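Trainee: Hi! I'm new to this one, could you walk me through it?
Mentor: Happy to, let's bring it up.

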Amino acid sequence: MNRQLFIEVLRQISSTFDLFKSFLSHEDYLKVENVLVIDRANNRQYVSGTIYLTATHLLFDDPENKRQTWILLPLISSADKLPTTQQGCPLRVRTKHFLSIEFIIPKERDCTDLHATLNQLKCDSIEKLYCFNYVAPTYLEKVWDPFLLATEYMRMGVPNREWRTETCNSSFEMCDTYPSLFYVPTSTTKAMLIASSKFRSRGRLPVLTYLHPNGASITRCSQPLSGFSQRCVEDEQLLQCILKTNSQSSTMYIIDTRPRINAVANRAAGKGYENEDHYSNIQFKFCPIENIHVMRGSLQKLLETCEMKNPSMNQYLNSLDNSSWLQHIKAVLDAAIFIARAVEVEKKNVLVHCSDGWDRTAQCCSLSELLLCPSYRSIHGFRMLIEKEWLSFGHKFGDRCGHTRVTDIKEQSPIFLQFIEIVWQLTQIYPSAFEFNERFLISLHDHCHSCQYGNFIGNCEKDRLDLRVKERTYSYWNYVLQNVNDFKNPAFRPQSAYASEVLIPTLNTQTLKFWLNMYHRFDSSLLPKENISNTLTNLVDHTAALNDHARLLEKRIRELRSVLDNGLSSYENIQNHVSQSTKILPDHDSSSNGNELPSSTIETKQSSAPTSSCDVESEIRDDQSLSGQPSSIPVTLQHQSSTEINEIPCNERIAFELNSVALDWRSYRTPFQCMCALPMDSAQRKHVCWRCGENFCSRCIEHGVRLPGLYSNSAAPVCKTCTRSIKSSLSMIECSKNLSTVTMKPSSLTDDENQI
């Protein structure tokens, strides 16, 4: 069998065996055989395989095509049993990361059991979520990098003369969905804050969320409980205190992110919006962003469009337009741009609220800050933005993402998804202004639904403290930190004008795009064969590997040149030592050249030179020596110390160095699945093994391997098969070196002769 083919088969068998061994380590799992899956690209084509269901995953194994589909159970949004057909009983599974797959199960009883089990496995309590039982890979420690809200405000220059820290919510008594500390104007009193909290929905009073370098600020709150005629003097005074913190403007904006008709309707329920007659020096503006129910329906229509089978161009585009998804995206982005322009250009304070201040308010505040502050466009800064606006100020991730089956479906809504998509739209407009890439945004969306990490569990900071998530779960941000290179944008230029300035985009009808890699990520036939960002990342990594390897080769060449330059004097010294030692050896053939050493002496001298894995080369092989005779005797260079002499690499080591780095890498567009049969979608990075040049998924790659062929000796991504090969080869070289040193070193030589 061809050696390369044998290695390829062995790699696939080993990887698949390890995967199944870990997967089937659970004693309880459901197995259904002879299951058909409909190919969405061709309704008449079916794929046959086996379904495995455990307490955490649903796996479909297609042995014919060597392809596996893994679905984490918390990501399943619905499992619907469809009417029986001639082929069998269909079961349609939809996930929160937009996979729609239809299984046709031969026996209706098996379909019923699988459907019932899938529904039962969905958690009925937040305490049973996956994050509390998840066992992470060994490289990921259960360590939380603490986010300190005070540190982020200190970066903005707060507290200062105008703004102070307020700790009256340290026990979450004033507002249980706010952080334990927040920032208010220095001129406010505790009585003023308490009264304003009682006058605002859910107790969410106006507090500082962002301070711009020009002194203008963004504050956030919820709608007032004004009804048709109610007012609160303390709340009016609080807004006047906010206005006075900015000396550059005599007025401020109040942005209500609801359609005006919705705000007026809320007055009948005793809520509503601020009466301009009671709040002086206020400019009031409605930004018509629809509520969570409209957004949920819009996403449902969008997904139905994505699931259409062989639609015509008109059908697809009309259905996409009828979903109004991009119109809603534009409405949110328009509001954020208005806020950013008011702060940057008009230098006015802005107060933002919606109904309860945790959905549209979070969207508009975070997006406007992303436009205003370049720091938030880095990976670390974007994390700070999410921690502050979405986690600390209480977006209801548990309800909006439907983490448990007891969650009211009317509370679910793609609010965070809209925020992520708008950020992606901005990365398309300003491709060099953001440090993170599309994969980072998709990963962020997936993990806020997967319940794999504890960051997005619960509805507010208080919920996560009560659940002790930092003690019991892993952190998503630690995962990002360990894989940060996967999430970097290769086109990012931190010194570019866009990356260091305020972004105020101009939106036209043609500006926004449909996010194909998000909503069609599992339809490989629809995706581009080559992603620009992935290709650039691949080129950067390949160039780095070749440059590092070239530096090692240049060093070897310099060492050989040094040997040639110093070889004559060193060789004469060797001849003197050899002529003395040959007096105790048998006479050799008299026909030999007087300057030539006997072969037995050469072999003895060569064996006596100890070798190791040092990167110093001091031997001449397969060449002619300066005297015109073949020589393989180690030569002592003038710049080498005795310790360097003892670390000369052996032949096998040098050959291994030259072959340990792949010069050619496989193209990113070639494989659609890993060697372990895992399909590769747009959200997964295809890792290239620096030793063999093949593409692998994240679970088949090791990131801590040091290749001998790299000058920097830095860790490189290497597949598991090559990792085992490298360790085995190094062990063999070490054993060969030790054996040569111990068994072949002549005892009759002096220390000086051994050094030579």
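**A walk through the model**

Mentor: Let's start at R258, which lies in the loop between β12 (252-256) and α6 (260-267). Keep in mind that we are looking at a predicted model.

Trainee: Okay! Is R258 buried or exposed?
Mentor: R258 is buried, because its relative accessible area is 1%, and the cut-off for buried is under 20%.

Trainee: And which side chain does R258 join in a polar contact?
Mentor: That of D256, at 2.7 Å. The R258 side chain also reaches the backbone oxygen of G272, at 2.8 Å.

Trainee: Changing topic: what does UniProt list as "active site"?
Mentor: The UniProt record, an unreviewed entry, lists C354 under that heading. C354 sits in the loop between β14 (349-353) and α10 (360-372).

Trainee: Is C354 buried or exposed?
Mentor: C354 has 3% relative accessibility, so it counts as buried.

Trainee: Which residues does C354 touch?
Mentor: Leaving aside residues up to four places away in sequence, C354 touches C221, S222, Q223, D256, T257, R258, D359, R360 and T361. You'll spot R258 in there, where we began.

Trainee: Nice. What about N349, where is that?
Mentor: N349 is in strand β14. With a relative accessible area of 1%, N349 is buried.

Trainee: What does the side chain of N349 reach?
Mentor: The backbone oxygen of I242, at 2.8 Å. I242 is also one of the residues N349 touches, along with others including L243, T245, N246 and Y253.

Trainee: Let's do a helix. How far apart are the end C-alpha atoms of α7?
Mentor: They are 21 Å apart. Helix α7 covers residues 292-306, which is 15 residues, and at 1.5 Å a residue it should span 21 Å, so the two values agree.

Trainee: Which residues of α7 are buried?
Mentor: I292, M295, S298, L299, L302, L303, T305 and C306. They cover an arc of only 150° around the axis, so they lie on the same side of α7.

Trainee: Why would residues spaced like that point the same way?
Mentor: An α-helix has 3.6 residues a turn, so residues three or four places apart point the same way.

Trainee: And what covers the buried residues of α7?
Mentor: Among the elements covering them are α8 (313-323), α9 (325-344), α12 (397-400), α13 (415-429) and α19 (516-519).

Trainee: How far is E64 from V47 in space?
Mentor: They are 8.5 Å apart, C-alpha to C-alpha, and 17 residues apart in sequence.

Trainee: Zooming out, how many helices and strands are there?
Mentor: The chain has 25 helices and 18 strands. Of its 756 residues, 54% are buried. Among contacts between residues at least 6 apart in sequence, 70% join residues at least 24 apart.

Trainee: Last one: what is the mean pLDDT of the chain?
Mentor: The mean is 82, and 79% of the residues reach 70 or more. Over residues 16-27 the pLDDT is below 50, and that stretch has 18 contacts in the model beyond near neighbours in sequence. Residues 743-756 are also below 50, with 22 such contacts.

Technical notes. Residues numbered from 1 in each chain as written. Predicted model: local features only at pLDDT ≥ 70, side-chain atom pairs only at ≥ 80, totals over all residues. Heavy atoms only, no water. UniProt positions renumbered as here; feature names shortened; annotations may be inferred. Helix = DSSP H or I, 4+ residues; strand = E, 2+ residues; numbered from the N terminus. Buried < 20%, exposed > 50% of the residue type's maximum accessible area, 1.4 Å probe, protein only. Contact = heavy atoms within 4.5 Å. pLDDT = per-residue confidence, 0-100. Expected span 1.5 Å × (residues − 1). Arc of directions from axis to C-beta. Polar contact = N/O pair within 3.5 Å; in protein donor to acceptor, adjacent residues only side chain to side chain.
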